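Thanks, everyone. Let me put the model up, and then I'll walk through a helix and a few backbone details.

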Amino acid sequence: MMMNNVSIASVVLMAGYSRRMGHLKQHVILNQKTFLEHIIEKLCFFPNVISTKIFVGQESDELGQQKIKEISGIWISNLQPEDGPISSIRLALDKVPPSADAIVLWPTDHPMIEYNTLEKLICSYKEKPDFITLPSDGTHRGHPAIFPKWCFDYFKHKELNNGAKTLLQMFPDKINYVLTDDIWITRNINTPELLHEAESLLSVNR
C-alpha cells in the first residue's frame, strides 16, 4: 500500500517505574525478543511514514538509550516519571518535527501489536486525517493510537493531566475506530502474571 505522503512521528512511552513487573518492561523478553525490540521492529517496517521515532524513558536506562541510538531514534529522559504518561507525551511533543502530520502513541506494555494492525491504523488515518485513529475489538478500544496535529496543543494544556484518555472523552465525535481481531491491542502486559499469560497465548498459536 502506498503511504508515502503521510508523515507520522512515533512516541513510545516507557518512563514508568514498572513496579508491578519488577523491572523495566522495555527489557522484558517475550517471544525471544524484548518488548522494546518488538516495538522497534514494527515502527521500522514503515520507514517512509514513521521517519521520526521518539522514545521517552528514564535517565538510568542506558540499555534503552543505546538501543535507540542504534536506530537513529530520539531518546528523551523523563526526570519526573511519577507525573505519569502525560509528562512523557509533553516532552516528546517538543521533539516532533513541524513536518509531522500526527503522532502514533505507543505504551511499551503493548509490544505484540501486529504489523497488519499498525498498517490498518495508518491507512485509516490517511482516509480521515482530522480524526483520532484507534484500534478496537468491537467492544473495547486499544493501543496504539494516532493523534493528528490539532491534538498537540490539547496535550500541552495543564487541564489535561489525565492524558490521552481525557482527550478522547473531550472529542468522542472525532474518533475513527478501526476494527481488528488483533488480541494484543487490549492486552497491557505489566505484571509477571500477565507476561505468563501472554507466553501461554503465543505458545498455543505457534
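Terms first: helices (H or I, at least four residues) and strands (E, at least two) are DSSP runs, numbered from the N terminus. This is a predicted model, where local features need pLDDT of at least 70, side-chain atom pairs count only at pLDDT 80 or more, and totals for chains, interfaces and linings use all residues. Residues are numbered from 1 along each chain as its sequence is written, and side-chain values use heavy atoms, with hydrogens and water left out.

Start with a cis peptide bond. It runs from H143 to P144, with omega near -5°. P144 sits in the loop between strand 7 (132–136) and strand 8 (145–148).

Next, helix 3, residues 85–93. Which of its residues are buried? I86, S87, S88, I89, A92 and L93 are. Buried means under 20% relative accessible area, exposed means over 50%, and partly exposed is in between (1.4 Å probe, protein chains only). The cover over those buried residues includes strand 1 (8–13), strand 4 (52–57), strand 5 (74–77), strand 6 (102–107) and helix 5 (152–156). Contact here means heavy atoms within 4.5 Å.

Now two serines with positive phi. S18 has phi near 55°. S18 lies in the loop between strand 1 and strand 2 (29–30). Buried or exposed? S18 counts as buried, at 10% relative accessibility.

Then S72. Phi there is near 60°, again a positive value in a residue other than glycine. S72 belongs to the loop between helix 2 (62–70) and strand 5. S72 is exposed, with a relative accessible area of 66%.
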